[in-house]
Every structure is written in C-alpha cells, then in structure tokens.
Amino acid sequence: MSGPATDRRAAVLPALMTALEAGGHAPGLPEFLPDKGLAHDHVRLGGTGLLARLPKQSQMRLNAAENLAYQAACFKRASASGHAPRLHAVLPPSDALPRGGLIVDEIEGRVARLPEDLPAIMQALAAIHALPMPKGRAPLLDPADPLADLLAEIDVQACHLHIAHPATKVIIETHIAALRHLCESDARPPKRLISFDAHPGNFLIDATGRAILVDLEKARYSAPPLDLAHATLYTSTTWDVASYAVLEPQDVARACHLWLDHLPDELRAALGPWILPMRRAMWLWSMTWCAKWRALSGTGAKSDAEGEDWAAENSDAALIAHVRGRVDHYLDPETAKRLDLEFGLLADVL
C-alpha cells in the first residue's frame with residue numbers, strides 16, 4: 001500500500017538511523033509501530049528498550065526546535081511521578097529529519113481496559129498532580145489564569161462550529177456561556193502539572209498493574225480535574241478502538257473518588273468542588289477540537305516543519321477514517337444531547 005503517509009515514513013527511517021548514529025545512540029532494529037496518532041510516528045528501536053517519537057506536527061503551534069524542547073520538558077517532569085516514560089535523548093531537527101525527535105523508554109504493557117483499570121489510571125494521574133510546583137516552569141504553559149486561558153482556547157476552536165449540526169452548535173454554545181459565567185467569578189482551582197491528554201488510549205498497563213501515561217506533548221500547569229475529565233469522558237473513553245468503553249455515571253463517580261483519595265489532603269479539599277466545572281470545560285475543548293479538525297483536515301499538508309498541521313495526508317488512511325468517524329459521531333446532535341444530560345446525572349451521584 002502506498003500513499004503520502006507511507007512514502008513519508010519510508011523516507012524518515014533512514015534519516016532516523018543517520019540521526020541516531022550521529023548522536024552516538026544505538027539504533028537497534030528499527031520498526032515502525034502502527035500509525036495510531038495524528039501528532040507522531042513511533043519507531044521501536046528493537047533490542048534497546050527505547051522508542052523514537054517523531055513529530056508529524058506541533059499541536060502546541062511551535063516550530064520544530066521549540067516543539068522538541070517543550071516535549072522534552074513534558075517527559076522530564078512527568079516521569080518524576082513514576083508513571084511516565086523517561087527521556088533519554090533529543091534528536092535535533094535536520095534537513096533529513098525536519099522536526100527532529102525524542103528517544104524515550106519503550107513501555108512494555110497492554111492497553112487499558114475500562115472500567116477495571118480506572119483505579120490504576122487514577123493513581124497515575126494523582127501521582128502527576130501531586131508533584132511539587134517548580135519555581136521555573138518554562139517552557140511549559142503556565143497561565144496566570146488557567147480558567148480564562150482555557151476559555152480563550154475553546155473560543156478559538158469554536159470559530160469552526162459552523163461545520164457542526166445547528167442543534168449541536170446550540171448545545172455547545174450554551175455550555176460555553178456557562179463556562180464564561182464561571183470565569184467571571186474570582187474562584188479558581190489550584191494549578192499543578194497536568195497532561196492535558198489523559199484519554200485512556202494514552203495509557204499502558206505494565207506487568208505490575210501500574211498505569212503509565214505514554215503520550216506527553218501538551219502538558220502544562222493548569223487545573224488537575226481536566227485530566228480526570230479527559231480520562232473518563234465519553235469522548236475520551238470511546239476514542240481509541242483498543243481501549244473503547246462506555247462508562248456509566250457510577251463508574252465515573254467511583255473514578256473521581258479514587259483520584260481524590262490518592263491526592264494530598266490539601267489538594268483533595270481544594271479540587272473536589274472543581275470536578276464537574278472542569279469536566280464541562282474539558283468536554284467543550286474536545287468538542288470544539290472536533291469541529292476544528294473536521295474543518296482543517298481537508299487542507300493540504302504544510303511544506304515546512306512549523307506549527308500545527310492537521311492535513312489528512314500526514315497519517316494513514318485507516319487512522320484518518322477512524323478519526324473522521326469519531327469526530328462525526330461526537331458532533332452528532334444525539335451524542336451531544338447525551339453528554340449534555342450526563343452532566344446532570346453526575347451531579348446527582350458525585
């Protein structure tokens with residue numbers, strides 16, 4: 001099978017080998033893993049216990065060098081929790097490897113199964129959220145007002161809601177208005193390191209039962225309940241085929257209580273009231289991202305290595321078909337109504 005993504009990957013492999021050798025790293029037996037993500041290719045360096053992460057784009061809208069520095073910081077800081085791979089090397093951008101790459105631990109484990117692996121995932125998230133706040137937080141995002149910052153990001157993505165069904169658009173805009181009203185108050189959740197991409201498909205469960213968050217690209221200092229939401233929202237638990245699950249409100253409530261139980265006392269008391277408001281915010285970010293992807297995925301691939309690039313030709317056709325199916329399902333009015341009602345159900349059981 002051929003195509004732009006296949007041709008690109010064929011050209012990347014020798015470039016990766018050259019970069020590894022130039023940096024004094026053992027290349028092992030390189031093997032592309034199945035194309036499962038819109039932001040990276042992954043190459044197993046067989047026999048070394050390492051994995052190469054090769055960016056297809058920057059979801060943080062950064063240039064190639066800045067993107068690598070950002071991701072390197074994500075792995076370094078999150079791995080201190082014991083629930084993320086360690087960073088071993090950064091491969092700088094070059095003519096042959098224009099976006100460079102990272103070399104990280106290859107995690108041996110199975111995909112998460114829900115709801116049975118929710119306790120392990122909650123423990124992993126709490127360990128990340130409990131990490132002490134460093135004095136120097138750059139290059140990671142560290143907004144003075146994470147709530148207002150998230151609303152601004154949602155507003156930018158919401159510019160693409162014209163492609164959604166009118167009924168879906170109304171539901172989303174109603175919830176955006178509620179989030180905007182919340183931002184007008186003075187109350188704010190505490191900030192901690194969060195993944196901002198904690199959907200179950202990004203976790204592997206190792207032989208000891210420990211959950212490892214393997215995809216770290218968008219970490220920032222923000223509200224921890226955003227990760228809790230991302231791990232349990234319908235738009236997250238049904239995103240990845242391998243970890244697909246539909247959670248009942250009781251499953252979600254149990255996960256929330258498990259997460260709280262693993263947090264230090266002072267964080268538990270401060271974050272509990274923010275679980276539902278941040279769940280709404282994470283859902284809004286996800287839904288407006290779906291509209292954005294639908295609008296931008298049909299554009300041509302960028303000719304440089306700068307910033308975002310959602311062009312469908314960057315990924316395998318099967319992956320694009322899967323993402324398109326998920327996006328269309330989530331933006332369907334019946335799905336939006338279901339999630340709209342779930343917020344009320346959760347308020348009763350939490």
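**Reading burial and helix packing in a predicted model**

Mentor: H83 is buried in this predicted model, its relative accessible area being 9%.

Trainee: Which backbone oxygen does the side chain of H83 reach, and which residues does H83 touch beyond four places away in sequence?

Mentor: The side chain reaches the backbone oxygen of A211 at 2.8 Å. Beyond four places in sequence, H83 touches Q123, A124, A127, R210, A211, I212 and L213.

Trainee: Let us turn to a helix. Which residues of α11 are buried?

Mentor: Helix α11 comprises residues 317-331 and reaches 21 Å from its first C-alpha to its last, close to the 21 Å expected. Its buried residues are L319, I320, V323, R326, V327, Y330 and L331. These cover an arc of only 130 degrees around the axis, so they lie on the same side of α11. The face turned away from that buried side carries the exposed residues A317 and A318.

Trainee: What covers the buried residues of α11?

Mentor: The cover includes α5 (166-183), α7 (234-237), α10 (275-296) and α12 (333-349).

Trainee: Which residues of α10 and α12 meet?

Mentor: From α10, L276, R279, R280, W283 and M287 meet A336, L339, E342, F343, L346 and A347 of α12.

Conventions: Residues numbered from 1 in each chain as written. Predicted model: local features only at pLDDT ≥ 70, side-chain atom pairs only at ≥ 80, totals over all residues. Heavy atoms only, no water. Buried < 20%, exposed > 50% of the residue type's maximum accessible area, 1.4 Å probe, protein only. Polar contact = N/O pair within 3.5 Å; in protein donor to acceptor, adjacent residues only side chain to side chain. Contact = heavy atoms within 4.5 Å. Helix = DSSP H or I, 4+ residues; strand = E, 2+ residues; numbered from the N terminus. Expected span 1.5 Å × (residues − 1). Arc of directions from axis to C-beta.
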